[in-house]
Amino acid sequence: MLTIEWSLASGWEKPCIKPLENLSLHPGSSSLHYAVECFDQNELLECIRKLVEVEQEWVPYSTAASLYIRPTLIGTEPSLGVKKPTKALLYVIMSPVGPYFASGSFNPISLWADPKYVRAWKGGTGDCKLGGNYGSSIYAQQEALELGCQQVLWLYGEDHQITEVGTMNLFLYWINEDGESELATPPLDGIILPGVTRQSILDLARNWHLHIPTMENGPQLTTRFLNKLSDIQYGREDSDWTVLVS
């Protein structure tokens with residue numbers, strides 16, 4: 001794991017790579033009481049690259065698995081009170097993982113939608129990768145599982161706009177009223193997380209002048225997107241999206 005301490009008085013301390021261990025936190029830490037926690041890697045890329053270099057034997061040799069990297073920033077202010085913390089800990093943990101769903105990475109999943117639950121709202125933090133966004137969704141996710149569905153299809157507004165699926169961005173493919181093929185994904189309007197997979201699919205679709213198909217009307221094209229992203233991910237194809245680790 002990688003850890004970097006921060007304080008208002010001293011700024012960022014020297015990064016430290018060490019074996020995975022438990023965190024020691026003051027019981028009044030702001031992350032425990034006020035969800036002062038987020039996930040981000042934009043300012044960590046070089047440190048993460050070094051961490052992967054040191055721990056490269058954890059990278060799966062199988063193309064059916066990958067190394068999951070989780071950067072996290074938590075407030076460690078050792079006092080109660082809703083305020084900006086003066087101390088924080090940025091840490092990164094890693095683990096080999098397989099497909100997100102037990103049914104596999106290329107099989108349809110069942111969705112459950114109920115307008116009584118809302119994942120995010122205008123003026124909130126739905127477009128940020130914050131721990132509190134995940135914790136508040138667990139109750140609805142559990143209800144979906146009890147009803148035989150694998151994920152929640154999140155709705156928003158009085159007209160029940162489709163926003164996201166579980167913890168993932170959503171794409172829709174249809175034929176419009178003019179008979180034209182259209183690809184649609186909810187806009188980044190403050191309630192949608194700007195995921196890297198979302199942006200990757202949009203970039204590929206524009207480059208290929210193609211649309212995202214559904215499982216029923218275009219498995220060949222879906223396979224093409226999956227293969228392209230997998231080739232980039234596993235280094236079979238050069239891309240500006242990748243960061244090489246020696």
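**Notebook: a predicted model**

I counted the secondary structure and found six helices and 11 strands in the protein. I noted at the outset that this is a predicted model.

I then looked up the overall extent. The C-alpha trace spans about 60 × 45 × 30 Å along its principal axes. Of the 246 residues in the protein, 33% are buried.

I turned to an open sheet formed by three strands, whose order is 7-8-9 and whose pairing is mixed. Which strands stand at the edges? I recorded strand 7 (111-112) and strand 9 (161-165) there; each has a single partner strand, so one side of each is left without a neighbour in the sheet. I reminded myself that strands of a sheet pair through backbone hydrogen bonds, in either a parallel or an antiparallel sense.

I next examined how strand 7 pairs with strand 8 (residues 151-156): the sense is parallel, and the pairing runs over two bridges. For Trp-112, I found the bridge partner in strand 8 to be Val-152.

**Entry on a charged patch**

I searched the surface for charge and located a patch of negative charge, where Glu-177, Asp-178, Glu-180 and Glu-182 gather. Where is Glu-180 found? I placed Glu-180 in the loop between strand 10 (172-175) and strand 11 (181-184).

Technical notes. Residues numbered from 1 in each chain as written. Predicted model: local features only at pLDDT ≥ 70, side-chain atom pairs only at ≥ 80, totals over all residues. Heavy atoms only, no water. Patch = residues over 30% accessible without salt bridge, like charges linked within 9 Å, V, L, I, M, F, W, Y side chains within 5 Å. Areas by Shrake-Rupley, 256 points an atom, 1.4 Å probe, with all protein chains shown as cover. Salt bridge = Lys/Arg side-chain N within 4 Å of Asp/Glu carboxyl O. Lys, Arg positive; Asp, Glu negative; His and termini not counted. Charge placed at Lys NZ, Arg CZ, Asp CG, Glu CD. Helix = DSSP H or I, 4+ residues; strand = E, 2+ residues; numbered from the N terminus. Pairing = 2+ DSSP bridges. Buried < 20%, exposed > 50% of the residue type's maximum accessible area, 1.4 Å probe, protein only.
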